[in-house]
Amino acid sequence: MGDTKLREQICLMAKSLYDRGLAHGSTGNISARLDDGGLLVTPTNSSFGFLDPARLSHFDKNGQLIGGDKPTKEMSLHQAFYDTRGAKAGAVVHLHSHHSVALSLFEDNDRDDFLPPLTPYPIMKLGKVKLLPFFAPGDAAMGEAIRDLGGAHSAVMLANHGPVVAGNDIASTVYAMEELEAAARLAIQTRGESVRALTNEQIRRLTSTVA
Ligand SMILES: O=C(CO)COP(=O)(O)O
Ligand SMILES: [Zn+2]
(Lines give C-alpha, C1' and ligand atoms only; values in the text may rest on other atoms or scores of the structure.)
(Ligands and ions follow the chains in the order given, each with its own letter.)
Protein backbone atom coordinates (compact mmCIF):
# COMPACT_ATOMS: atom_id res chain seq x y z
CA MET A 1 0.00 0.00 0.00
CA GLY A 2 1.16 3.56 -0.67
CA ASP A 3 2.29 5.95 2.05
CA THR A 4 -0.77 8.21 2.47
CA LYS A 5 -3.33 5.42 2.35
CA LEU A 6 -1.37 3.18 4.74
CA ARG A 7 -0.92 5.99 7.26
CA GLU A 8 -4.68 6.56 7.23
CA GLN A 9 -5.45 2.86 7.57
CA ILE A 10 -3.10 2.32 10.51
CA CYS A 11 -4.67 5.25 12.39
CA LEU A 12 -8.22 4.16 11.51
CA MET A 13 -7.65 0.58 12.66
CA ALA A 14 -5.87 1.74 15.82
CA LYS A 15 -8.73 4.07 16.71
CA SER A 16 -11.26 1.31 16.12
CA LEU A 17 -9.34 -0.95 18.55
CA TYR A 18 -9.09 1.87 21.07
CA ASP A 19 -12.77 2.78 20.83
CA ARG A 20 -13.78 -0.79 21.62
CA GLY A 21 -11.45 -1.12 24.61
CA LEU A 22 -9.02 -3.49 22.90
CA ALA A 23 -6.09 -1.08 23.32
CA HIS A 24 -6.36 0.95 26.50
CA GLY A 25 -4.06 3.78 27.55
CA SER A 26 -0.87 3.82 25.49
CA THR A 27 -0.65 0.03 25.13
CA GLY A 28 -0.06 -1.78 21.87
CA ASN A 29 1.78 -1.10 18.64
CA ILE A 30 1.22 -1.61 14.92
CA SER A 31 3.62 -1.83 11.99
CA ALA A 32 2.84 -2.27 8.30
CA ARG A 33 4.84 -2.60 5.08
CA LEU A 34 4.86 0.07 2.40
CA ASP A 35 4.93 -0.76 -1.31
CA ASP A 36 8.58 0.33 -1.45
CA GLY A 37 9.63 -2.15 1.26
CA GLY A 38 9.71 0.45 4.03
CA LEU A 39 7.71 0.26 7.25
CA LEU A 40 5.27 2.57 9.02
CA VAL A 41 5.17 2.04 12.80
CA THR A 42 3.23 3.52 15.71
CA PRO A 43 5.39 5.80 17.89
CA THR A 44 6.34 4.74 21.42
CA ASN A 45 4.02 5.82 24.23
CA SER A 46 1.31 6.88 21.80
CA SER A 47 -2.38 6.13 22.33
CA PHE A 48 -4.24 4.25 19.60
CA GLY A 49 -7.10 6.72 20.07
CA PHE A 50 -5.09 9.78 19.09
CA LEU A 51 -2.52 8.83 16.45
CA ASP A 52 -1.42 11.47 13.94
CA PRO A 53 -0.86 9.92 10.48
CA ALA A 54 1.94 12.42 9.79
CA ARG A 55 3.90 11.40 12.90
CA LEU A 56 4.06 7.62 12.42
CA SER A 57 7.66 6.35 12.55
CA HIS A 58 8.91 5.71 9.03
CA PHE A 59 11.68 3.20 8.25
CA ASP A 60 13.13 2.77 4.78
CA LYS A 61 13.60 -0.68 3.24
CA ASN A 62 17.07 -0.92 4.81
CA GLY A 63 15.70 -0.42 8.33
CA GLN A 64 16.86 3.18 8.71
CA LEU A 65 14.50 5.52 10.58
CA ILE A 66 13.86 8.32 8.08
CA GLY A 67 10.91 10.18 9.58
CA GLY A 68 8.29 10.57 12.26
CA ASP A 69 8.43 10.15 16.01
CA LYS A 70 10.52 7.64 17.99
CA PRO A 71 9.18 4.14 17.17
CA THR A 72 7.64 1.57 19.52
CA LYS A 73 10.06 -0.07 21.93
CA GLU A 74 8.83 -3.42 20.52
CA MET A 75 10.64 -3.09 17.17
CA SER A 76 12.59 -6.31 17.81
CA LEU A 77 9.29 -8.15 18.13
CA HIS A 78 7.91 -6.69 14.90
CA GLN A 79 11.15 -7.14 12.97
CA ALA A 80 11.40 -10.79 14.00
CA PHE A 81 8.05 -11.52 12.34
CA TYR A 82 9.04 -9.72 9.11
CA ASP A 83 12.38 -11.52 9.02
CA THR A 84 11.00 -15.00 9.66
CA ARG A 85 7.70 -14.89 7.72
CA GLY A 86 8.97 -13.18 4.58
CA ALA A 87 6.37 -12.09 2.02
CA LYS A 88 3.54 -13.44 4.21
CA ALA A 89 4.14 -10.62 6.72
CA GLY A 90 2.72 -7.28 5.61
CA ALA A 91 1.64 -6.07 9.05
CA VAL A 92 2.17 -6.87 12.75
CA VAL A 93 -0.16 -5.92 15.62
CA HIS A 94 0.59 -6.21 19.34
CA LEU A 95 -2.01 -5.50 22.05
CA HIS A 96 -2.47 -5.87 25.81
CA SER A 97 -6.08 -6.96 25.25
CA HIS A 98 -7.86 -8.00 28.42
CA HIS A 99 -9.21 -11.51 27.78
CA SER A 100 -6.09 -12.77 25.98
CA VAL A 101 -3.98 -11.62 28.91
CA ALA A 102 -6.43 -13.11 31.43
CA LEU A 103 -6.36 -16.52 29.71
CA SER A 104 -2.54 -16.50 29.72
CA LEU A 105 -2.53 -16.33 33.53
CA PHE A 106 -3.89 -19.84 34.01
CA GLU A 107 -1.40 -22.63 34.76
CA ASP A 108 -2.94 -25.32 32.56
CA ASN A 109 -2.64 -23.65 29.12
CA ASP A 110 -1.43 -25.71 26.17
CA ARG A 111 1.79 -23.88 25.24
CA ASP A 112 1.66 -25.08 21.63
CA ASP A 113 -2.03 -24.32 21.11
CA PHE A 114 -3.07 -21.52 23.46
CA LEU A 115 -6.74 -21.20 22.37
CA PRO A 116 -9.19 -24.03 23.11
CA PRO A 117 -10.83 -25.11 19.79
CA LEU A 118 -14.39 -23.90 20.39
CA THR A 119 -15.34 -22.08 17.14
CA PRO A 120 -14.02 -22.11 13.55
CA TYR A 121 -12.71 -18.61 12.87
CA PRO A 122 -9.82 -18.49 15.36
CA ILE A 123 -8.59 -21.80 13.94
CA MET A 124 -8.99 -20.62 10.35
CA LYS A 125 -7.51 -17.16 10.85
CA LEU A 126 -4.73 -17.84 13.38
CA GLY A 127 -3.76 -21.51 13.24
CA LYS A 128 -2.06 -22.65 16.44
CA VAL A 129 -1.22 -19.73 18.73
CA LYS A 130 2.07 -20.34 20.54
CA LEU A 131 2.17 -19.33 24.20
CA LEU A 132 5.56 -17.80 25.04
CA PRO A 133 6.86 -16.98 28.54
CA PHE A 134 6.58 -13.52 30.07
CA PHE A 135 8.77 -10.79 28.58
CA ALA A 136 8.81 -7.26 29.94
CA PRO A 137 7.81 -4.48 27.53
CA GLY A 138 10.78 -3.54 25.38
CA ASP A 139 12.81 -6.70 26.14
CA ALA A 140 14.64 -7.52 22.90
CA ALA A 141 14.71 -11.19 24.00
CA MET A 142 11.12 -11.57 22.80
CA GLY A 143 12.38 -10.93 19.27
CA GLU A 144 14.80 -13.83 19.71
CA ALA A 145 11.98 -16.05 21.00
CA ILE A 146 9.96 -15.26 17.84
CA ARG A 147 12.98 -15.95 15.64
CA ASP A 148 13.37 -19.35 17.33
CA LEU A 149 9.91 -20.28 15.98
CA GLY A 150 11.30 -19.97 12.44
CA GLY A 151 8.17 -18.30 11.05
CA ALA A 152 5.93 -21.27 11.85
CA HIS A 153 3.30 -19.24 13.73
CA SER A 154 1.40 -16.13 12.61
CA ALA A 155 0.31 -15.46 16.20
CA VAL A 156 1.93 -15.73 19.61
CA MET A 157 0.76 -14.91 23.11
CA LEU A 158 3.27 -13.35 25.50
CA ALA A 159 2.21 -14.63 28.94
CA ASN A 160 1.09 -11.95 31.43
CA HIS A 161 1.65 -9.33 28.70
CA GLY A 162 -0.26 -9.60 25.41
CA PRO A 163 -0.83 -11.15 21.99
CA VAL A 164 1.11 -10.50 18.76
CA VAL A 165 -0.31 -11.29 15.31
CA ALA A 166 1.31 -11.01 11.87
CA GLY A 167 -0.70 -11.03 8.64
CA ASN A 168 -0.72 -10.15 4.98
CA ASP A 169 -2.05 -6.63 5.44
CA ILE A 170 -3.21 -4.30 8.17
CA ALA A 171 -6.94 -5.11 7.94
CA SER A 172 -6.65 -8.91 7.97
CA THR A 173 -4.08 -8.72 10.78
CA VAL A 174 -6.39 -6.63 12.96
CA TYR A 175 -9.29 -8.96 12.20
CA ALA A 176 -7.20 -12.00 13.16
CA MET A 177 -6.21 -10.24 16.39
CA GLU A 178 -9.89 -9.67 17.14
CA GLU A 179 -10.48 -13.42 16.67
CA LEU A 180 -7.74 -14.13 19.21
CA GLU A 181 -9.31 -11.83 21.77
CA ALA A 182 -12.84 -13.16 21.13
CA ALA A 183 -11.66 -16.77 21.43
CA ALA A 184 -9.88 -16.00 24.70
CA ARG A 185 -13.03 -14.35 26.00
CA LEU A 186 -15.12 -17.39 25.08
CA ALA A 187 -12.55 -19.71 26.67
CA ILE A 188 -12.74 -17.78 29.93
CA GLN A 189 -16.53 -17.60 29.91
CA THR A 190 -16.81 -21.37 29.44
CA ARG A 191 -13.90 -22.35 31.71
CA GLY A 192 -14.73 -25.22 34.05
CA GLU A 193 -17.99 -25.94 32.19
CA SER A 194 -18.59 -29.15 30.34
CA VAL A 195 -18.57 -27.73 26.79
CA ARG A 196 -18.49 -29.50 23.43
CA ALA A 197 -15.24 -28.43 21.77
CA LEU A 198 -14.63 -28.98 18.05
CA THR A 199 -13.41 -32.48 17.24
CA ASN A 200 -10.00 -33.24 15.72
CA GLU A 201 -11.75 -34.13 12.46
CA GLN A 202 -13.64 -30.81 12.39
CA ILE A 203 -10.38 -28.97 13.09
CA ARG A 204 -8.58 -30.88 10.36
CA ARG A 205 -11.25 -29.92 7.82
CA LEU A 206 -11.11 -26.27 8.86
CA THR A 207 -7.34 -26.07 8.54
CA SER A 208 -7.32 -27.77 5.14
CA THR A 209 -9.75 -25.20 3.73
CA VAL A 210 -8.35 -22.03 5.30
CA ALA A 211 -9.56 -18.87 3.60
O1 LIG B 1 2.69 -2.48 24.19
C2 LIG B 1 3.62 -1.80 24.51
C3 LIG B 1 4.77 -2.34 25.25
O4 LIG B 1 4.77 -3.72 25.28
C5 LIG B 1 3.62 -0.35 24.17
O6 LIG B 1 4.93 0.06 23.90
P7 LIG B 1 5.18 1.29 22.93
O8 LIG B 1 4.39 2.45 23.46
O9 LIG B 1 6.68 1.55 22.98
O10 LIG B 1 4.70 0.88 21.56
ZN1 LIG C 1 3.23 -4.85 25.14
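Predicted model: local features only at pLDDT ≥ 70, side-chain atom pairs only at ≥ 80, totals over all residues.

**Exercise 1.** Determine the order of the strands in the open sheet, and identify its edge strands.

*Solution.* The open sheet has 8 strands, which follow the order β4-β3-β2-β1-β5-β8-β7-β6, and their pairing is mixed. The edges are formed by β4 (65–67) and β6 (130–132), each of which pairs on one side only. On average, and ignoring direction, neighbouring strands of this sheet are turned by 20° against each other.

**Exercise 2.** State in which sense β5 and β8 pair, and describe how helix α6 is placed on the sheet.

*Solution.* Strands of a sheet pair through backbone hydrogen bonds, in either a parallel or an antiparallel manner. For β5 (residues 91–94) and β8 (residues 162–167), the sense is antiparallel, over 4 bridges. One of the residues involved is A91, whose bridge partner in β8 is G167. Helix α6 (residues 170–189) packs on the sheet, where it touches β1 (29–33), β5, β7 (155–158) and β8. The direction of α6 makes about 145° with that of β8.

**Exercise 3.** Describe the surroundings of ligand 1 and classify the residues found there.

*Solution.* The residues surrounding ligand 1 are S26, T27, G28, N29, T44, N45, T72, K73, E74, H94, H96 and P137. By class, this shell divides into 9 polar, 2 charged and 1 nonpolar.

**Exercise 4.** Which residues does UniProt list for the "domain: Class II aldolase/adducin N-terminal"?

*Solution.* An unreviewed UniProt entry lists residues 8–188 under this name. In the model, this span is 35% helix and 17% strand. The C-alpha atoms at its ends lie 34 Å apart.

Terms used:
Residues numbered from 1 in each chain as written. Chains lettered and ligands numbered in written order. Near = placed C-beta within 6 Å. Nonpolar A, V, L, I, M, F, W, Y, C, P; charged D, E, K, R; others polar. UniProt positions renumbered as here; feature names shortened; annotations may be inferred. Helix = DSSP H or I, 4+ residues; strand = E, 2+ residues; numbered from the N terminus. Pairing = 2+ DSSP bridges. Axes fitted to C-alpha atoms, helices over the stretch in contact; angles between N-to-C directions. Contact = placed C-beta atoms within 7 Å.
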